[in-house]
Amino acid sequence: MRIRALILGSLLLGSTYAEPVRDIIDQALSGLDVAASDVPYSRTIERIFIGRDKNNQPRTAVAYRKIESFKPITGVVIIDKTDSGYVLREAVFPDIDKIRNAKERKQVLTVLKQFKNIPFDPHAEKSAVDALSGATRYGIKTSGYLNYMARHLALQMENPPEWSKPN
């Protein structure tokens with residue numbers, strides 16, 4: 001499926017996902033030619049988007065999934081392919097406001113602090129972000145999902161699947 005980043009929101013995410021999730025995806029892939037996977041992409045990833053530059057090279061990829069925390073929230077991972085390798089640009093919870101309790105919300109957001117501008121090797125036998133000290137069971141599980149999505153995105157950019165290749 002070939003699409004432009006500007007129309008991702010209404011065509012791809014439908015009414016299931018809130019405006020903040022669509023905005024994050026649109027912003028991350030702005031200016032790129034975007035291909036989107038089917039829904040669901042897999043058991044652990046709901047959908048993947050791969051953005052290609054004007055030379056048809058994968059430059060940015062985004063994946064998202066629902067994550068069970070104090071309330072179900074959406075985890076979005078954005079990675080970039082640079083000349084020196086892969087960088088986990090950031091992981092975000094665009095719908096974090098679903099968690100109304102400020103203490104619980106703050107606890108969930110602490111996981112994200114380490115998921116920003118992290119170079120990583122998708123072939124290494126370790127996570128992009130190591131285990132979080134003092135993390136709750138939700139934090140450890142969330143960190144695992146975010147690391148998995150980052151690694152999987154990089155591997156998909158390295159060996160692009162058929163659905164993502166230019167026509």
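Strand β3 is largely enclosed by the rest of the structure, because 6 of its 6 residues are buried (buried meaning under 20% relative accessible area, exposed over 50% and partly exposed in between, with a 1.4 Å probe and protein chains only). Strands here are DSSP runs of E with at least two residues, helices are runs of H or I with at least four, and both are numbered from the N terminus. This is a predicted model, in which local features need pLDDT of at least 70 and side-chain atom pairs count only at pLDDT 80 or more, while totals for chains, interfaces and linings use all residues. Residues are numbered from 1 along each chain as its sequence is written, and side-chain values use heavy atoms, with hydrogens and water left out.

Both faces of β3 are covered, with R47, F49 and G51 buried on one side and I48, I50 and R52 buried on the other. What does β3 pair with? On one hand there is β2, antiparallel to β3 over 4 bridges (strands pair if DSSP finds at least two bridges between them), and here V34 stands opposite G51. On the other there is β4 (residues 58-68), also antiparallel, joined to β3 by 6 bridges; F49 has V62 as its bridge partner in β4. β3 and β4 make a hairpin with 5 residues between them, and N56 in the turn has a positive phi of about 65°.

D53 sits in that loop between β3 and β4. It is buried, at 17% relative accessible area. Its side chain makes a polar contact with the side chain of R59 at 2.9 Å (a polar contact being a pair of N or O atoms within 3.5 Å; within protein, one must be able to donate a hydrogen and the other to accept it, and residues adjacent in sequence count only if both atoms are side-chain atoms). Neighbours within four places in sequence aside, D53 is in contact with L32 and R59, contact meaning heavy atoms within 4.5 Å.

Next, the nonpolar cores (sets of buried Ala, Val, Leu, Ile, Met, Phe, Trp, Tyr and Cys residues joined through side-chain atoms within 4.5 Å). The largest has 26 residues, and those with the most contacts inside it are V77, I79, F93, F120, L146 and L153. Two or more residues come from each of β3, β4, β5 (72-82), β6, α3 (102-112) and α4, with α4 giving the most, 6 residues. F93 is in contact with I67, I73, T74, G75, V108, L109, L112, T142 and L146, leaving aside its neighbours within four places in sequence. A second, separate core of 14 residues includes I24, I25, F49 and Y64.

The structure also holds 3 aromatic pairs (rings of Phe, Tyr and Trp, the last by its six-membered ring, with centres within 6.5 Å; planes under 30 degrees apart count as stacked, over 60 as edge-to-face and the rest as tilted). One of them is Y41 with W163, edge-to-face at 6.5 Å centre to centre and 75° between the planes. Y41 lies in the loop between β2 (33-36) and β3 (47-52) and W163 in the segment after α4 (137-158), so the pair ties together parts that are 122 residues apart in sequence. Y41 is partly exposed at 22% relative accessibility, and W163 is partly exposed at 23%. Another pair, Y86 and F120, is tilted, at 6.3 Å and 40°. Y86 is buried at 7%, and F120 is buried at 12%.
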